[in-house]
Each structure stands twice: as structure tokens, then as C-alpha cells.
Amino acid sequence: MTLPPTRWELAGEDNRFYGLHFDALVREGADVAGEARLADALVARHARILDVGSGMGRIAAALTARGHDVVATEPDAALRAQSQAAYADVPVLPHEALAIPALEPFDLIVVVGNVFIYLGEGTERAVLAHLRSLLAPGGRILAGFHLTGIKSGSRTYPADEFVADVSAAGLTVDWRFGSYELHAPNDDYAVWVLSAD
């Protein structure tokens, strides 16, 4: 199956700053696990978690350290190599969201770090439906992204459009927050907890 190029792919070298930025933060001892803390709170101990677009591996590593069974996927070869160098005990599959194979179902699927605003054009509903198919009964999706296209090559993804796509994919918005620390919703960044209908 030929998949349309993602916006991340089309941005090319413009996105190299991402891995370098988080590498610098980790080296400085900065807190880079906010998403992982919320993900951890959404599941029972030893949950099975899928990290989609896992980047340089910080969230998958943090969730693994908390005792969860984590599968990470990252199609960008440079980020995958960085992840393996930094967190060698966390395996990373090379699949993009639409190409993730049918695996043992997941209690939680984490799609943070602006993954949704870098998907291939027009694939958002297909990605949401595919992720829904990977959920275990009672499983949920944690998603987070900027609502406006402030990143190189990314799109603007208004909240109402995302909610319509979620519904069309057979999912429900359980919660919307403005941050991973559960601040009130705002017009800049949205954190979503989704479940299957």
C-alpha cells in the first residue's frame, strides 16, 4: 500500500531541530516527561502502551521506566537512530501511523508531540480509525498538538475539526485540556483523551 507523504516528510531538513532541541533539554536535566506522567495516570500498572511518532524516545522511555509494556513507532530514521542511542532498551518500529501492523491490542495509545498536525494531507480520519482498531476493550487515546500551524510544515487543526474527525472515526472525546498538567482548554494547545464509541 502506498501512503501519501506526511507533512513531516515534506518539511525535510526543516524538522532536524526537533531531535536536537529535546536532546539539549535532556542533557540540561529539564523535565521532558510531562506527557508520560499523564499517560501513566490514565492506565493501570503494567499497561500495554503504543507511542505513535515516538521521536527521540523520551516518552516511551519514561513509560517503560514506570513498568509499562511500551511499543514505540517512529518513521523518521534520524529520530529512530537518536532514540536507540539514547534509550537502547526501548525498541522502536519504523512505521508511520497508517502503517502500524495489527498487534496485540493496547490499553493506551499515545499520540503527542504534534504528530496529528504532521500527518499526510487528508489522512486524519483514517489514522484515527486505524488507531481505534488497535485499542483493547476500554482502551483510550491520549493526543496533544498545537491547534495552529506554528511549526515548520505543520497544519492548522482547529478543535472543532478534530472533534468531527474523532466522531467520524468511531471515537468519543472524553476530556479536553489545555496542557498535560490539565489546565483549562485554550486556543493554542489541546490535550485530548479519546475512547471508542
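Let's start with two neighbouring strands: strand S6 (residues 171-177) pairs with S7 in the antiparallel sense over 6 bridges. Two strands count as paired if DSSP finds at least two bridges between them, and helices (H or I, at least four residues) and strands (E, at least two) are DSSP runs numbered from the N terminus. Across this pairing, Arg176 stands opposite Trp192 in S7.

Before going on, note that this is a predicted model, where local features need pLDDT of at least 70 and side-chain atom pairs count only at pLDDT 80 or more, while totals for chains, interfaces and linings use all residues. Residues are numbered from 1 along each chain as its sequence is written, and side-chain values use heavy atoms, leaving out hydrogens and water.

S7 also joins S5 through 7 bridges, running antiparallel; here Ile141 has Leu194 as its bridge partner.

Now look inside. A nonpolar core is a set of buried Ala, Val, Leu, Ile, Met, Phe, Trp, Tyr and Cys residues joined through side-chain atoms within 4.5 Å. The largest one has 34 residues, and Ile109, Phe116, Leu131 and Phe162 have the most contacts inside it. S5 gives the most to this core, with 4 residues. A second, separate core of 28 residues includes Val90, Leu142, Tyr180 and Val193.

Which residues touch Phe116, leaving aside its neighbours within four places in sequence? Among them are Val111, Leu131, Phe145 and Phe162, where contact means heavy atoms within 4.5 Å.

Conventions: Buried means under 20% relative accessible area, exposed over 50%, partly exposed in between (1.4 Å probe, protein chains only).
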